[in-house]
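Work through the exercises below with the structure in view. Each task is followed by its solution.

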Amino acid sequence: MAEVSLRGVSKSFGADNALDDVSMTIPHGSFVVLLGPTGAGKTTTLRMVSGLDRPDSGDISIGGRSVIALTPAQRNVAMVFQQYSLYPHLSVRENLEFPLKSPILKTPRAEIDRKVGEVAEILQISHKLDNKATELSGGEMQRVSIGRALVRNPAVYLMDEPLSSLDAKLRADLRIELKNIQANSGATLLYVTHDQIEAMTMATHVGVLDHGRLVQFGSPREIYEDPVSIYAASRLGQPRINILPADCFGGAPKAAAFIGLRPEQIQQGEGEESFVKRVEHLGDQTRLHLSFKTHDLITVTDPHTQLDSGDIVRITPRNPFYFDDSGARLV
Amino acid sequence: MSASPLDQVAAATPVQMATKIKGLSDRAIAWIFVTPTILILLAINIFPLIWTIRLSFTDFRVNRPNAEVSWVGLRNYERVLTDPDIWTAMQATAHFLIWTIVLQVLIGFTLAYLINKKFRGNDLWTTIIVLPMMLSPAVVGNFWTFLYQPQIGLFNYAVSFFTGIDPSSFSMIGDVNLAPWSIVIVDTWMWSPFVMLICLAGLRSIPDSIYEAAECDRASKWRQFWTITIPMVLPFLMLAVLFRGIENFKMFDLVVQLTGGGPGSLTELSSINLKREAFEKWRTGYASAYAVILFVTVFGLASIYVKALNRVKNR
């Protein structure tokens, strides 16, 4: 296990800047989630650390040693691919054994069997061990592909949207399982997702990427409570942060162009009038779709609220975020 | 009154015919489409086969159509299987078959492996490499007789260039030791590209991400080759071997043009031998028995092979 650090890493594919001067330090034993929409450079970052692609400039080190000239095998990284990349002609068991059979490791047979059994148990695929990899469902393939990484003891685990094709229940189970594995083994884990629940529940650190630039790096709470920009603020929080022109409410600083309001930053029952368009009862929470001075916003209210569409609710901001016209946060 | 063309066709069609076609079931329509093919197949494939089997039990000679034909039972088969000439031809065929397959698999796969490496101009190289395959076998056989020519042949010149042997000191076609190899070389030259194309299809079907996964799983290039490349190309390779095996079992034109079966009958493969029995010696009944034996052999071998191929595919 080791600390991973990127310094000034850039990579372009033709005219497309996939990564632009990205620097971050992934502390030893941390669970780092990279967040961002498609094309933000998440997978590219992962491939840089794995060694499958080389950066155009910048340096990457694992455990304090520059690995820029090393192959993936020499870097000792385990990677889970988004498209599974199982060995189609092998059985599930053989797929899981594959990394352990590396001549570098010389794992004894009993040890291989124990590890494969253990990982299959965690991922709930024990009954499929003798099936061919191509006979599995998408979710099962994804679990085998996670398993192929977990049987190893690498310097760092790299996972590219490993839970994306699982059903909701299994995804929730594996979220907890992955977090436990990481916490118990002290593994360093770099994880790519666009699912903010995965980021909030598992990450010790979140890196927010935007068009190849790392815009913010910090704990999930830091990013949630102290975002540097509208973009970073929009990555976390369900329902999403509401962005309105700053002059909708009084009291905005002079430079502010936008005001950002998370549901808990909207105080209900006082202030200006807004109009309830729709009420969504989700069980544990109730969402209000409001219309306020021609702007739409979504907030959360008491689950047992008596409000109905057509009602009037008074709202006022409480400790809101202000952003300038470029979207950067004003502090 | 102006009617659309469709209306005009509808009006011109006799009522009876229209309802008849409408009344056909899907099954009947399917039969209508398939029947011509079945009839042609029966006429030019199945009927001759059955007729050959019938003739193989008689002493019929096609150059004596009016002679009395008598039923000889299994005697033709007995004579074919005890004829030493036929075993010589079988041995020549086996030699040709085994060596062409071994060499074509090795060369074809190697070429495919090299072409599959992304480099500039590999499309051009692919085109150049597959050229021999596009020629007519008879033409290939004919011009290789010139290449093998001891005094002026390019092949002999090339051998002498690399080894220093006097080019006119050996004749690929005339020498009893070299002649069996001369046909192997030409067939390999002509058909290795075919094996290459099929292997290339196999290699291209392996996604890069599988190699990337193996790379991360710390498999060396050597291990990737043996545990990923070979097993995943094997079904394709076996298919190529099946095609080449069947083709070369019935090899005729190329060898007839190149060596004519000589020297002596050293390169007289079974199909050439069979043609001599049937259309030079006119022993039609005997040759029919010979043909049936060859047919059963190929059919049997191919069936066993296809079973093995399916096992590999479903592994």
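**Exercise 1.** Find which residues V49(A) is in contact with, leaving aside its neighbours within four places in sequence.

Solution. Two residues are in contact if their C-beta atoms, placed from the backbone, lie within 7 Å. By this test V49(A) is in contact with V4(A), I60(A), V77(A), V156(A), L158(A) and L190(A).

The model is predicted: local features need pLDDT of at least 70 and side-chain atom pairs pLDDT 80 or more, while totals for chains, interfaces and linings use all residues. Residues are numbered from 1 along each chain as its sequence is written, with chains lettered from A and ligands numbered from 1 in the order in which they are written.

**Exercise 2.** State how many residues of chain B are in contact with chain A, and which helix supplies the largest share.

Solution. Count first: 13 residues of chain B are in contact with 17 residues of chain A. Next, assign them to helices (DSSP runs of H or I, at least four residues, numbered from the N terminus; strands are runs of E, at least two). α10 (208-216) and α11 (221-249) of chain B each supply at least two residues of this side. The largest share, six residues, comes from α10(B).

**Exercise 3.** Determine which strands stand at the edges of the open four-stranded sheet in chain A.

Solution. Strands pair if DSSP finds at least two bridges between them. The order is β11-β12-β17-β18, with antiparallel pairing. β11 (242-245) and β18 (329-330) of chain A each have a single partner strand, so they stand at the edges. Four bridges join β11(A) to β12(A) (residues 258-261), and P245(A) stands opposite F258(A) in β12(A).
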